[in-house]
Amino acid sequence: MEENEQSARGLHFVGKKDELIEAKRSFRTIEDRDILIIYHQGVFYAMDSYCYHAGGMLNNGDIEEINGKLCIICPKHKYKLTLAKGECLYKGTNPKEKPPVPRWYSKGVKQRTHTVTENNGEIYVKLSDDPDWIESDYYQGEKGKIERAKAEASEKETS
Ligand code: FES
């Protein structure tokens, strides 16, 4: 694929496949957006790198399968975000149920995910063009940097 053709299609070269596999987690900034590329069990994923909840760095999060979905667990407060869609999963009980049985529920898509493609051993990311506000947008860009610092400071105060 020609370089011009790639950029016209919104594809950003992020690295050689072998290198990204070796790294497993790679941080990249694309069009002012900080994203995390994850290689897990033979599949590449890409998502906003700061957790929607309070800007936690997802790159150090463990990956676990929850309710049949692979999730990254934010190291900060352990929120569980699906790798494929950025849905936040939580365990809850329905008090009307007798006896209440804990089940996994989804809060919906909270973390913006992006598309990863491969061409000739090279990996490309196309940023999500979903026009709707997704909560992880909050911690992106210049304003996001300030908000992340604030979240960090208030955490220190309360701990
Ligand atoms: S910042 Fe990720 S769970 Fe709170």
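## Ground rules

The model is predicted, so local features need pLDDT of at least 70 and side-chain atom pairs count only at pLDDT 80 or more, while totals for chains, interfaces and linings use all residues. Residues are numbered from 1 along each chain as its sequence is written, and side-chain values use heavy atoms, with hydrogens and water left out.

## The overall picture

The protein chain has 3 helices and 11 strands. Here helices (H or I, at least four residues) and strands (E, at least two) are DSSP runs, numbered from the N terminus. Going along the sequence, the pattern reads α-β-α-β-β-β-β-β-β-β-β-β-β-α. The C-alpha atoms fill a box of roughly 60 × 35 × 30 Å, taken along the principal axes. Of the 159 residues in the protein chain, 39% are buried. For that label, buried means under 20% relative accessible area, exposed means over 50%, and partly exposed is in between (1.4 Å probe, protein chains only).

UniProt has an unreviewed entry that lists residues 11–125 as "domain: Rieske". Its positions are given in the numbering used here, feature names are shortened, and annotations may be inferred rather than shown by experiment.

## The five-stranded sheet

Now for one of the sheets. It is open, with 5 strands in the order β5-β6-β7-β8-β9 and antiparallel pairing. Strands pair if DSSP finds at least two bridges between them. At the edges are β5 (62–66) and β9 (103–109), each of which pairs on one side only. Neighbouring strands are turned by 40° against each other on average, direction ignored. The axes behind that angle are lines fitted to C-alpha atoms (for helices, over the stretch in contact), and angles run from 0 to 180 degrees between N-to-C directions.

Let's zoom in on β5. This strand runs antiparallel to β6 (residues 69–73), and 5 bridges join the two. Asp62 has Ile73 as its bridge partner in β6, and Glu65 has Leu70. The two strands form a hairpin with 2 residues between them, and Asn67 in the turn has a positive phi of about 55°.

## Rings and a charge

Which two tyrosines form a tilted aromatic pair, 5.9 Å centre to centre? There are 5 aromatic pairs in total, counting rings of Phe, Tyr and Trp (its six-membered ring) whose centres lie within 6.5 Å; planes under 30 degrees apart are stacked, over 60 edge-to-face and the rest tilted. The tilted pair in question is Tyr52 and Tyr79, with 50° between the planes. This pair links distant parts of the chain, 27 residues apart: Tyr52 is in the loop between β4 (43–48) and β5, and Tyr79 in the loop between β6 and β7 (80–82). Tyr52 counts as buried because its relative accessibility is 9%, whereas Tyr79, at 23%, counts as partly exposed.

There is also a charge over a ring: the charged end of Arg148 sits over Tyr50, 3.6 Å from the ring centre. The rule asks for NZ of Lys or CZ of Arg within 6 Å of the ring centre and within 35 degrees of the ring normal.

## Cysteines

Searching the whole structure for disulfides (a pair of cysteine sulfur atoms within 2.5 Å) turns up 0. Cys71 is in no disulfide, and the nearest cysteine sulfur, that of Cys88, is 8.6 Å away. Cys71 is buried, at 0% relative accessibility, and Cys74 is buried too, at 2%.

Gln41 sits in the loop between β3 (33–40) and β4. This residue has a positive phi of about 45° although it is not a glycine, and at 62% relative accessibility Gln41 is exposed. The C-alpha atom of Gln41 is 9.9 Å from that of Ile21, which is 20 residues apart along the chain. Ile21 itself lies in helix α2 (residues 17–23) and is partly exposed, at 27%.

Asn120, in the loop between β10 (113–119) and β11 (122–126), also isn't a glycine but has a positive phi of about 50°. Asn120 counts as exposed, at 75% relative accessibility. Finally, the peptide bond from Lys98 to Pro99 is cis, with omega near -10°, and Pro99 falls in the loop between β8 (87–92) and β9.
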